[in-house]
Amino acid sequence: MASITFREVEGSSLKYWLLFGVLGLFVLFGALAWSTMHHHGHVITGMDNQIVWGLPHVFAVFLIVAASGALNVASIASVFNKPMYKPLAPLSAILSIALMLGGLLVLVLDLGRSDRLIVAMTHFNFKSMFTWNVFLYSGFFALVGVYLWTMLDRNVKSYSKAAGTAAFIWRLVLTTGTGSLFGFLVARELYGTAMLAPMFIIMSFAYGLAIYLMVLAAAYAWTGRPLGDAVMLRLKSLLVVFVAAVLYFVVVYHMTNLYFTKMHTVEAFILRDGGIFTQLFWIGQILIGGVIPLVILLSALGRQRAWIMIACALVIVGGMAQMYVTIIGAQAYPLDMFPGLVESSSFYDGEIHGYAPSMPELFLGLGGVAIALLVTTFAVKVLRLLPASLDDATVAKLEH
Amino acid sequence: MTKRLLALGAVVLTTVALAWAGAESQPKAGGAPKPVIQKAVKGEQCVEPTDYMRRNHMVLLNQHRDRTVIEGVRTKKYSLKECINCHASEKTGSVAAAKEDFCVSCHSYAAVKIDCFDCHSTKPQGSMAMHPLNAETAHYKHKLAAQSARPVSAEEMARVANE
Amino acid sequence: MSELKPMIESRSASPQLESPQRRRFVGAAAAAAGIAIAPGMLLIEVAHGRPEDQPASSAVRWGMLVDSTKCATGCNECVTACSTENGWTPVAESKHPRQAPQWIRKLELQDPLTQMETSLPMMCQHCAEPPCVDVCPTGASFKRADGIVLVNRHTCIGCRYCMMACPYKARSLVHEPLNDTQKPDVPRGIGCVESCTFCVQKVDRGDGNTACAEACTAAGHNALLFGDMNDPESEISKRLRELPTKQVRADLNLNLGVRYHGI
């Protein structure tokens, strides 16, 4: 097998520092958003006692789900022994760590008492899916960190497969845990199903790969390193499978619900009468996030780099729409405490709950995205994560 | 790699040095205003010797709060409410409303953030309970009003609170 | 009612059982204190006093019977009494009604087919198997030995997972600083989640009743009855034996501390 040269990105150009600065600015905005929210309380957000988890959670859960998906490329290389993916693995690992960091920061900075994070690290209730996730997330950092080390340090290279396998299994459990945050809730109609765990896993594959592809292409384009079509087309085909699988799960999920009479009204809300949620579902999640990318990637357009990028961006936008519908849509539909009866109260029982995200929430979420990208941008400068060349000839040699 | 580690080390050292310099440039302890320790309004002696309380009040409070919140033990010794009952300032009626008030005065001197009063009232129960419109006795007033054949006057309400 | 059985058994088996004489004595003392204020009011039932140095006991299970046939549409006495007792701002006075905490609220129900209308108060149901306690990452959400579900604000981090998990929408987040407007007996604060406590401060004081139930009685409706569901001789146990009651969302089998008649 031919060896691959990994080299740091020089990172001294104006463009690099410009990117660095813009991302840093968004991190700063995020920090400001947090301090404003922390100072005034959640009263300045669009969240209330009806919609208790809002836009920050959409960003946070999306980033966490995408983080575990971004590790996919590395897993394929070491767990499934595909030599072509080996040079792609280090970026995959660092991206997953960065996305996880961004997502977690948004999650913990949105806490009502974010100053008490230490309490969450010292008091545990092991029946809570949240507690499990605290351990799953910490373990993820540790395992992927070790995995990255085995990829970068020749002395421990022999442990790479073991570390990669451990990280792979861990990330499957982790996304199961993330899906189960919602799956283990009895109160709300749209949650409380084991479907959510595997659905989140397959979504993580799709979102993580879409982000990975965009970061990879951007890194190679901006550093002027050659990136051949062989890599892009291989990853593109993988994305097709993942996006199609997401659609399959969404269809099964809603078809099952539609079969049960008690779910008819809530399904009608999401699929037909839900206003913004219905639009986000059909236009955002299904059309932009699923159907259009599939059409692009499966047609002749899918052989062009620019169109692959557009498809990836659409998958990401669709993924955000999906999270919005999953997290906020489910809360917007009122709790059905007395099935068959019309409810009303001063606490907005029996009403569809509206939600208008505020600026601090948006910037907190964007801050998380910016942190993830900033960490990646910095890491490729200080660590040898990117192969000097990924042109078709270099990649072809790996296969033999 | 070594070079990079060196650079990292330099950054860390610079930060530490700057932080140190920053701390040094602060006014010396002698320059900071000394805490005003007001004598407790009620009582002669605290539940433990003063020296002990100065160092360990938070331990006692933390232990007591867990027993109260989780188990429902409502003994008065070491209860925050009782601290407030004795130590609320005569001027503000509170332990944490003004800079000289008992809790705040020391805590700002020691630069230790108090988390208690985000949730706990800083005022004793008594002073409010004497108020005729106090919520504390609202349900008794409810009864009074409900049982009375004629409208209940404000004085009668106040009497309920005082009894 | 089969789920009540194990509790009664565990009660008789419990070594911590307080002596009935002692309970009656303290209760009588509490009642005597009440006589001066409102003659006749507290003589009807003996309050459950507990010495202040004793922890809440699992021999007791506090519960409430809501008779919705007696609950008057438009009457808000229980809600007002709760807000006064516990110091939360009534929603009508709040600048941010959608974010204002509501520990108890009046729920109006209507059957779209029969037009039958029902009015009832909705609050924390004090489940024996509370979903909020299950999901709380730090254990801040907990059930006290006597069945009262509470939030320990010292460990609540404001994640709102309990609000996602509660099937009764019983919980609220405090969205803004309270600026020292809290009652000394009822600590509550920004960034923490809160809900009905069955007036735990009153219960521990030996009042043996909640502000809402007192207000409902005072208003002459008698729709709310609070008491020890584990004590077969208590007023609430006797009424629960006779009156058909239901639990809200009984399908979840959470064994609720609040039982409704007439729904």
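**Reading helix packing and a chain contact**

Modeller: Of the 263 residues in chain C, 55% are buried (20 or more other C-beta atoms within 10 Å of the residue's own, with C-beta atoms placed from the backbone). This is a predicted model, in which local features need pLDDT of at least 70, side-chain atom pairs count only at pLDDT 80 or more, and totals for chains, interfaces and linings use all residues. Residues are numbered from 1 along each chain as its sequence is written, and chains are lettered from A in the order in which they are written.

Colleague: How is the packing of H2(A) and H13(A) to be read, and at what angle do the axes cross?

Modeller: Two packed helices are described by the angle between their axes and the distance between the axes. Here helix H2 (residues 55-70) and helix H13 (residues 359-382), both of chain A, have axes that come within 7 Å and cross at roughly 20°. H2(A) and H13(A) are therefore roughly parallel (angles under 35 degrees).

Colleague: Which residues of H2(A) and H13(A) meet?

Modeller: With contact meaning C-beta atoms within 7 Å, the residues in H2(A) include Leu55(A), Phe59(A) and Leu63(A), and those in H13(A) include Leu362(A), Gly365(A) and Ala372(A).

Colleague: How many residues does each chain give to the contact of chain A with chain C?

Modeller: Chain A gives 36 residues and chain C gives 46. On the side of chain A, helix H5 (117-122), helix H6 (129-152) and strand S2 (342-345) each give two or more residues.

Colleague: Which strand of chain C is joined to S2(A)?

Modeller: Strand S2 (residues 104-110) of chain C is joined to S2(A) by 4 bridges, and the two run antiparallel. Strands pair if DSSP finds at least two bridges between them. Val342(A) has Gln110(C) as its bridge partner.

Key: Axes are lines fitted to C-alpha atoms, for helices over the stretch in contact, and angles run from 0 to 180 degrees between N-to-C directions. Angles under 35 degrees count as roughly parallel, over 145 as roughly antiparallel, 65 to 115 as roughly perpendicular and the rest as oblique. Two residues are in contact if their C-beta atoms, placed from the backbone, lie within 7 Å. A residue is buried if 20 or more other C-beta atoms lie within 10 Å of its own, exposed if 12 or fewer, and partly exposed in between; C-beta atoms are placed from the backbone.
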